[in-house]
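Here is a short briefing on selected local features of one model. Please look over the sequence and the fold before reading on.

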Amino acid sequence: SNAVIPYLEGVKVPFVDPIGGGADVAHRSWVWQSEPSYALEGKVIAGYISRSLHRVRKVAVVYQVGVNEPENASMGKIFSKKHIGMTTVSYAATAQDMSAQVSRVQQYNPDLVVLLGTPLPTSLFVKQAAAVGYAPKHGYFANYPEGDPGWLTLTSGEANGSLVSSYADLTGHNPVAKAYRAALARYGKHGKYNGYAYSNYGLYGYFNAGLVIRALKLAGPNASRTRLQTVLNTRFRKYKSGFTGLLSWTPIYRYGVKQFKVYKIHGSQFNPITGWLNG
């Protein structure tokens, strides 16, 4: 996303919902993202930890290089004010062994480990930590890419009891999830979606397509790029999507959602333990 955004800006091609809060969408004219920035999520995670997890006085943050630095920075500011210790441990997106990161976290001996990044390396950290008998005193707190049943499978159950933040409803009990299930059932029996399992990542794709279709309908049958740009800038203010917190795009704000919920993993379910938290 970061590689292609400058090009699309230059040729004025609309880019709707680059996946990942690490995309550089601020101050752009042709990019609209429903996901909040990682910096905003870091503020919500640190705020929740400092307000609600009173026994947590030391936090280790395991993060992906080149993506999660803004999230680290926003957490660090809050933890510093609340006198909560914090250390950061980095890994590359291509990491296939997290044993060195596990060792560094063990040496710091935190009360809680925050996992930032993508499902494969973060799940590898959890499994390798369990393999050497290490578990943080108060468990793990993962960011929104880990809010998917696939991550629970990858962790082999070792993430049970962990907390996860998300800008979306992870329970599956919302209008978008119901429509997505119906679409899988309708087109999956004999079509190209046969065998596709329900996943939150698939649900995000279905949700994103719905946003684009709504915008195109509002732009009209003879829509131009500039007309679509105007619609996306003006017709999605405090939009109730039925899947996320309130989504608001303006000519200057392009991250969309500003709200999160915190979930606790129990078995194979994401159970909300907060309402919508404002970033």
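**A buried threonine and its surroundings**

Beyond its neighbours within four places in sequence, T244 is in contact with Y167, A168, F207, V257 and W276 (contact means heavy atoms within 4.5 Å). The model is predicted: local features need pLDDT of at least 70, side-chain atom pairs count only at pLDDT 80 or more, and totals for chains, interfaces and linings use all residues. Residues are numbered from 1 along each chain as its sequence is written, and side-chain values use heavy atoms, with hydrogens and water left out.

**T244**
- T244 sits in the loop between helix 9 (225-234) and strand 8 (247-248). Helices (H or I, at least four residues) and strands (E, at least two) are DSSP runs, numbered from the N terminus.
- T244 counts as buried because its relative accessibility is 8%. Buried means under 20% relative accessible area, exposed over 50%, and partly exposed in between (1.4 Å probe, protein chains only).
- The side chains of T244 and S241 are joined by a polar contact of 2.9 Å. Such a contact is a pair of N or O atoms within 3.5 Å; within protein, one must be able to donate a hydrogen and the other to accept it, and residues adjacent in sequence count only if both atoms are side-chain atoms.

**Helix 7**
- Helix 7 (residues 175-188) has 14 residues and should span 20 Å at 1.5 Å a residue; its end C-alpha atoms are 19 Å apart, which agrees. The expected span is 1.5 Å times one less than the number of residues.
- V176, A177, Y180, A183, L184 and G188 are the buried residues of helix 7.
- Seen down the axis of helix 7, these buried residues fall within an arc of 120 degrees, so they line one face. The arc is that of the directions from the helix axis to the C-beta atoms.
- The buried residues of helix 7 pack against helix 8 (200-219).
- P175, K178 and R186 are exposed on the other side of helix 7.
- N174 caps the N-terminal end of helix 7, with a side-chain oxygen 3.2 Å from the backbone nitrogen of V176.

**Helices 4 and 5**
- The axes of helix 4 (residues 99-108) and helix 5 (residues 119-131) come within 9 Å and cross at roughly 65 degrees. Axes are lines fitted to C-alpha atoms, for helices over the stretch in contact, and angles run from 0 to 180 degrees between N-to-C directions.
- S99, Q101, V102 and V105 of helix 4 make the contact with F125, Q128 and A129 of helix 5.

**P70**
- P70 lies in helix 3 (residues 69-81).
- At 43% relative accessibility, P70 counts as partly exposed.
- The C-alpha atoms of P70 and A39 are separated by 4.9 Å, although the two residues are 31 residues apart along the chain.
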